[in-house]
Amino acid sequence: AASFEQAQKIGLTLGSSMSARIKRGESATAKDEQQALLALLSHSDGARGFYVTTLTDPEIDNVFHEPIDPAIVDAIIASPDPNAQLLTMNIAMSTATELAHIANGDSDYAKGSALTRTRTGKLIAASIPTFAPLKKHLTDLLAATNTPQTSPPVAEAAVEAYRKFLNRWGYDAEMRQAIAAQVRPLLEIS
């Protein structure tokens with residue numbers, strides 16, 4: 001399995017290759033790329049490396065034009081762990097950091113976070129109709145956004161884990177509302 005650092009390089013190479021194939025009017029993935037995606041997204045370091053590069057690279061925007069290539073969706077769904085949690089955390093983090101960057105007057109970083117949020121949303125929208133674990137994670141995150149930062153622990157462990165996640169990153173009420181606003185329509189797709 002690739003390390004996080006190796007996965008970033010592989011993810012960037014895969015993203016660039018998929019983008020070039022689309023520009024040539026071909027399917028985004030060839031058979032070898034499909035196998036590489038399946039392998040990369042099958043473990044946490046690989047999936048994190050793939051997402052951190054492909055969700056942020058403005059040069060490969062066409063990879064995220066709808067409909068998302070089925071090979072990407074298949075690779076996500078093939079490994080519920082880690083992809084359901086990572087996509088859920090990505091939608092939350094990119095939404096909250098976009099607001100933080102706006103508040104700090106940093107429009108370039110805000111645009112980067114918005115790009116990550118938009119692309120993550122597209123991956124979620126393409127995957128969620130047949131990916132029950134992702135729906136569960138998003139439902140738990142949504143429930144956690146409705147708990148105040150200072151509330152006592154909640155009974156359901158998965159919701160409590162997301163409440164701790166939101167608290168650990170210091171997401172305030174405005175950020176939690178923005179995260180909920182991103183998650184609700186995605187849950188309606190499924």
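Which residues does Leu-87 touch, not counting residues up to four places away in sequence?

A: Leu-87 touches Tyr-51, Ile-76, Thr-120, Leu-123, Ile-124 and Leu-134, when residues up to four places away in sequence are not counted. Contact here means heavy atoms within 4.5 Å.

Some notes on the basis of these values come first. This is a predicted model, in which local features need pLDDT of at least 70 and side-chain atom pairs count only at pLDDT 80 or more, while totals for chains, interfaces and linings use all residues. Residues are numbered from 1 along each chain as its sequence is written, and side-chain values use heavy atoms, with hydrogens and water left out.

Leu-87 lies in helix 5, which covers residues 80-103. Helices (H or I, at least four residues) and strands (E, at least two) are DSSP runs, numbered from the N terminus. With a relative accessibility of 0%, Leu-87 counts as buried; the term buried stands for under 20% relative accessible area, exposed for over 50%, and partly exposed for what lies in between (1.4 Å probe, protein chains only). One of the residues touched by Leu-87 is Leu-123. These two are 36 residues apart in sequence, and their C-alpha atoms are 8.0 Å apart in space.

Helix 4 (residues 70-78) packs against helix 5 at an angle of about 105°, the axes being 6 Å apart. Axes are lines fitted to C-alpha atoms, for helices over the stretch in contact, and angles run from 0 to 180 degrees between N-to-C directions. Helix 4 and helix 5 are therefore roughly perpendicular to each other, since angles of 65 to 115 degrees count as roughly perpendicular, those under 35 as roughly parallel, those over 145 as roughly antiparallel and the rest as oblique. From helix 4, Ala-75, Ile-76, Ile-77 and Ala-78 meet Pro-80, Asn-83 and Leu-87 of helix 5. The residues of this contact comprise six nonpolar, one polar and no charged; Ala, Val, Leu, Ile, Met, Phe, Trp, Tyr, Cys and Pro count as nonpolar, Asp, Glu, Lys and Arg as charged, and the others, Gly among them, as polar.

Arg-117, Gly-121, Ile-124 and Ala-125 of helix 6 make the contact with Gln-182, Leu-186 and Ile-189 of helix 9. Here the division is four nonpolar, two polar and one charged.

Two further places deserve mention. Pro-67, in the loop between helix 3 (44-54) and helix 4, is joined to Glu-66 by a cis peptide bond, with omega about 0°. Glu-160 is in helix 8 (residues 157-168) and is buried, its relative accessible area being 9%.

As for the whole, the protein chain has nine helices and zero strands. Its radius of gyration, taken over C-alpha atoms, is 16 Å, close to the 16 Å that the globule rule gives for 190 residues, so the protein chain is as compact as a globular protein of that length; the rule is 2.2 Å times the number of residues to the power 0.38. Of the 190 residues, 47% count as buried.
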